[in-house]
Amino acid sequence: MSLHVTILPGDGIGPEVTEAAERVLAVACEAAGIGLRTDHELFGGAAIDATGDPFPEKTRHACLTCDAVLLGAVGGPRWDEAAKTGGPRPEKGLLALRSAMGLFANLRPSRLFPGMEDASPLRPERVEGTDVLIVRELTGGVYFGEKTEGTEAASDLMPYSRAEVERVVRVAFEAARGRKKHLTSVDKANVLATSRLWRHAVEALAPDYPDVTVDHVLVDAMAMHLTTRPARFDVVVTENLFGDVLSDELSAVVGSIGLAASASLGEPGKPGVYEPIHGSAPDIAGQSAANPAGAILSAAMLLRHSGDAPEAAARIEAAVEAALGQGLRTRDLGGSASTEDFTKAVLAAL
Ligand code: ATP
Ligand code: MG
């Protein structure tokens with residue numbers, strides 16, 4: 001078996017954490033007998049500096065022809081400043097990448113790692129056992145609906161088609177099958193027409209997955225449940241805006257932003273994009289202070305979803321857990337371990 005990964009290091013700490021993740025991926029692939037081929041392409045601010053375009057044609061071509069994309073992070077103050085006088089924004093590259101690759105499902109696991117209870121704002125008995133996968137719809141809803149701008153009145157349309165709902169809900173059902181077989185669909189069906197469509201589509205698909213139990217929770221109640229009893233959930237599926245808010249909430253509930261991974265998926269068989277949820281962290285870039293765990297765990301998701309290698313993925317996750325278990329903590333977790341210290345510990349555990 002072989003795996004062709006396009007790496008987009010991006011900006012700030014992006015290159016530092018993707019370098020760590022690539023080393024871990026290489027060792028995991030070798031152990032699993034997977035032939036790994038990587039190429040590195042310009043993206044975000046780095047691509048603007050070199051070509052004037054945050055998502056150059058060469059990068060687009062590489063992303064569309066590989067098996068999976070591993071992304072660091074994009075953006076920084078230099079490009080924010082330039083954008084004020086009409087310069088291109090690195091973040092535009094991210095939206096262009098998502099739409100070019102048709103990435104409609106964003107998977108964000110939030111798990112409490114052993115010994116990380118102190119990183120949670122919740123009391124230990126409340127957060128204990130939390131292991132939730134949020135599946136967020138990524139290319140529809142209010143972010144993409146028609147807008148009217150104004151200083152006296154404004155509006156944002158929130159359109160969804162049945163097909164758009166069904167394809168992401170299927171991803172969530174499939175994910176639940178591989179986990180604790182429980183799906184929670186989050187909506188606001190007491191107020192929103194799109195939520196009633198959403199609920200109807202979930203109910204209609206449920207008979208295809210008789211092994212998965214389903215419940216529906218209103219988004220306001222869900223925001224509360226995630227801080228009072230997050231451990232009762234398994235897979236959560238929701239539309240774009242609700243998913244954006246709830247996934248940030250949940251990542252804070254289980255601890256540091258430096259630990260959180262994500263996968264953005266399109267049609268089955270098409271390449272996905274795997275990236276840590278953190279940004280380019282310009283305040284710590286170049287200091288070897290970045291926590292590479294989020295990027296390394298994103299590489300594990302890559303092996304699971306694009307590499308069809310769940311055992312290799314689990315081995316990487318166990319190695320990260322082992323490194324944390326040894327007490328290795330980067331600055332975001334209140335420690336002083338460097339990116340290199342942490343990466344070496346993961347490699348050793350592998
Ligand atoms: P974006 O808009 O791209 O999300 P941001 O500035 O909102 O960027 P981050 O870049 O994620 O957010 O940084 C938020 C804070 O978290 C910063 O103080 C940063 O140093 C810290 N941080 C983010 N990622 C990491 C990491 N991997 N390791 C250590 N600290 C991190
Ligand atoms: Mg941010």
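User: What percentage of the 350 residues of the protein count as buried?
Analyst: This is a predicted model, and a residue is called buried here if 20 or more other C-beta atoms lie within 10 Å of its own. Of the 350 residues of the protein, the share that counts as buried is 49%.

User: How many helices and strands are there in the protein, and what is its radius of gyration?
Analyst: The protein has 13 helices and 12 strands. The globule rule gives 20 Å for 350 residues, and the value for this protein is close to that, so it is as compact as a globular protein of that length. Along the principal axes, the C-alpha atoms fill a box of roughly 50 × 50 × 40 Å, and the radius of gyration is 20 Å.

User: Among contacts in the protein with a separation of 6 or more, what percentage comes from residues 24 or more positions apart?
Analyst: Two residues are in contact if their C-beta atoms lie within 7 Å. Among the contacts with a separation of 6 or more, the part that joins residues 24 or more positions apart is 76%.

User: In what order do the 10 strands of the open sheet stand, and which strands are at its edges?
Analyst: The 10 strands form an open sheet with mixed pairing, in the order 2-1-3-12-11-4-5-10-8-9. Each edge strand has a single partner strand, so one side of each is left without a neighbour in the sheet. Neighbouring strands of this sheet are turned against each other by 25 degrees on average, direction ignored. The strands at the edges are strand 2 (35–40) and strand 9 (213–218).

User: Which residue of strand 2 is the bridge partner of valine 5?
Analyst: Strands of a sheet pair through backbone hydrogen bonds, either parallel or antiparallel. Strand 1 (residues 2–10) and strand 2 pair in the parallel sense, over six bridges. In strand 2, the bridge partner of valine 5 is threonine 38.

User: How many of the residues of strand 12 are buried, and which way do they point?
Analyst: Strand 12 covers residues 272–276 and is largely enclosed by the rest of the structure. Gly272, Tyr274 and Pro276 point one way from the strand, while Val273 and Glu275 point the other way, and all are buried. The number of buried residues in strand 12 is therefore five of the five.

User: Which residues stand opposite tyrosine 274 and glutamate 275 of strand 12?
Analyst: Strand 3 (residues 68–73) runs parallel to strand 12 and is joined to it by three bridges, whereas strand 11 (residues 261–265) runs antiparallel to strand 12 and is joined to it by four bridges. Opposite tyrosine 274 stands leucine 70, and opposite glutamate 275 stands serine 262.

User: Which residue in the hairpin of strand 11 and strand 12 takes a positive phi?
Analyst: The hairpin has six residues between the two strands. The residue with a positive phi, near 90 degrees, is glycine 269.

User: At about what angle does helix 10 run to strand 5?
Analyst: Helix 10 (residues 240–253) lies across strand 4, strand 5, strand 8 and strand 10. To strand 5, the helix runs at about 155 degrees.

User: Is glycine 294 buried or exposed?
Analyst: Glycine 294 lies in helix 11 (residues 293–305). Leaving aside neighbours within four places in sequence, glycine 294 is in contact with residues including Val17, Gly258, Pro276 and His278. Because 25 other C-beta atoms lie within 10 Å, glycine 294 is buried.

User: How many C-beta neighbours does serine 298 have inside 10 Å?
Analyst: Serine 298 also lies in helix 11. Leaving aside neighbours within four places in sequence, serine 298 is in contact with residues including Leu70, Ser262, Tyr274 and Glu275. Serine 298 counts as buried, and its number of C-beta neighbours inside 10 Å is 26.

User: How many residues surround ligand 1, and which are the closest?
Analyst: By class, the shell around ligand 1 has seven nonpolar, eight polar and three charged residues. The residues that surround ligand 1 number 18, and the closest are Gly258, His278, Gly279, Asn291 and Asp332.

Technical notes:
Residues numbered from 1 in each chain as written. Chains lettered and ligands numbered in written order. Predicted model: local features only at pLDDT ≥ 70, side-chain atom pairs only at ≥ 80, totals over all residues. Near = placed C-beta within 6 Å. Nonpolar A, V, L, I, M, F, W, Y, C, P; charged D, E, K, R; others polar. Rg over C-alpha atoms; globule rule 2.2 N^0.38 Å. Buried ≥ 20, exposed ≤ 12 C-beta atoms within 10 Å, placed from the backbone. Pairing = 2+ DSSP bridges. Axes fitted to C-alpha atoms, helices over the stretch in contact; angles between N-to-C directions.
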